[in-house]
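These are my notebook entries on a single chain. I set down what I looked up, item by item, with the criteria I applied.

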Amino acid sequence: MTGLEVAELARGVRGGERRALARAITLVESRRADHRVAAGELLDALAGTGRQALRIGLSGTPGVGKSTFIEAFGMMLTAQGLRVAVLAVDPSSARSGGSILGDKTRMDRLSRDPRAFIRPSPSQAQLGGVARRSREAVALCEAAGFDVVLIETVGVGQSETLVAGMADLFVLLLAPGGGDELQGVKRGIMEIADLILVNKADGDLKPAALRTVADYAGALRLLRKRVQDPEGFPKALPVSALEEAGLAAAWAEMKALADWRRANGHFARVRAEQARSWFEDEVRQGLLARLERDAGLRARMAALGDAVEAGRAAPSRAAAEVLAALEAAQG
Ligand SMILES: Nc1nc2c(ncn2[C@@H]2O[C@H](COP(=O)(O)OP(=O)(O)O)[C@@H](O)[C@H]2O)c(=O)[nH]1
Ligand SMILES: [Mg+2]
């Protein structure tokens, strides 16, 4: 890509053109070396827009209603005049075929909405690559002037931490269920949630949903108080994505929380910390990539791994040897 083409793409993204944004995301997803360079230039060119979206991470196990929720919630926001981007972060997408496209619920209405932009996760990605691609895609959506960026992920542990690390708010979607369900949610996930939405609070499931909300509200009260929370947060609420009930209340809570965090400096502080850890991550990934690119080092590492496994070398000693070899290779 020439400098001129990058500049033109940047102009398109800044102008909020969805096709330019889609192309830009494809560019940042590419692992080709020349594409990486162009992607870096593009992100640089877009760095100064000063635009800020509300980034909302959304997680939940398959079938809980993420797609249904995102479509209904997204339509509600676009009806208010807001522009909404939806990104998917799915490290397992190589197997499942993507968490949005592979779905029964394809968000048909939202995808036709001119104020919305939907991007499924790419197939074939490892967590490291997913992290970079997702952060950059979020940055691109922000530069394109979207007001809300929804970052969806399936509940597979690691990806939730990843998404929370690039979001301003983290929402956990749950299905109605008794005590077992409460057990099933890992404590770590509870600790990063800002809002727990118990979906399917409709029809026969409504009483169970309301009980689940009460259970989680109780469990949340037992968690350690976090500095970035006002009184009453994290919170649990019932919603019905299907009947589009409780969505306005959920949005009101999200806005109230974001406003409070902005007013109290937590919003900017957390973003600054996220930027730092993004940077540190990139350095780590870059070092690992170097290690993996160098055939001699790879062979050395394999041999030392065997020696460690056989008890002929101490792990820390062997690691020091690989790092010394890496430094020497830098020369
Ligand atoms: N009763 C009820 N069913 C829902 C609701 N939201 C989603 N569903 C259903 O749950 C199933 C899974 O929904 P989907 O949005 O695809 O879940 P995802 O896998 O988390 O994206 C579908 O059959 C939906 O129609 C809801 O609020 N109430
Ligand atoms: Mg889905």
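Entry 1, strand S5. I looked up the burial of S5 in this predicted model and found that six of its six residues are buried, so the strand is largely enclosed by the rest of the structure. I count a residue as buried under 20% relative accessible area, as exposed over 50%, and as partly exposed in between (1.4 Å probe, protein chains only). Leu169, Val171 and Leu173 are buried on one side of S5, and Phe170, Leu172 and Leu174 are buried on the other, so that I note both faces as covered. In a regular strand the side chains alternate between the two faces of the sheet. Strands (E, at least two residues) and helices (H or I, at least four) are DSSP runs, numbered from the N terminus.

Conventions. Residues are numbered from 1 along each chain as its sequence is written, and chains are lettered from A and ligands numbered from 1 in the order in which they are written. The model being predicted, local features need pLDDT of at least 70 and side-chain atom pairs count only at pLDDT 80 or more, while totals for chains, interfaces and linings use all residues; side-chain values use heavy atoms, with hydrogens and water left out.

Entry 2, the sheet. Which strand order did I find? The seven strands form an open sheet in the order S3-S2-S4-S1-S5-S6-S7, with parallel pairing; two strands pair if DSSP finds at least two bridges between them. Strand S3 (116-119) and strand S7 (235-238) are the edges; each has a single partner strand, so one side of each is left without a neighbour in the sheet. On average, neighbouring strands of this sheet are turned by 20 degrees against each other, direction ignored.

I then followed the individual pairings. S1 (residues 54-60) and S4 (residues 148-154) are joined in the parallel sense over seven bridges, and Leu58 has Glu152 in S4 as its bridge partner. S1 also runs parallel to S5, with four bridges; here Gly57 is partnered by Phe170. Four bridges likewise link S5 and S6 in the parallel sense, with Leu174 opposite Val198 in S6.

The axes of H13 (residues 266-293) and H15 (residues 315-330) come within 11 Å and cross at roughly 85 degrees. Axes are lines fitted to C-alpha atoms, for helices over the stretch in contact, and angles run from 0 to 180 degrees between N-to-C directions. The two helices are therefore roughly perpendicular, a class covering 65 to 115 degrees. Leu287, Arg290 and Leu291 in H13 meet Val322, Leu326 and Gln330 in H15, contact meaning heavy atoms within 4.5 Å.

Where does Arg271 lie? I located Arg271 in helix H13, and at 12% relative accessibility it counts as buried. Leaving aside neighbours within four places in sequence, Arg271 is in contact with Gln52, Ala53, Arg55, Glu142 and Asp168.

Terms used
Parallel < 35°, antiparallel > 145°, perpendicular 65-115°, else oblique.
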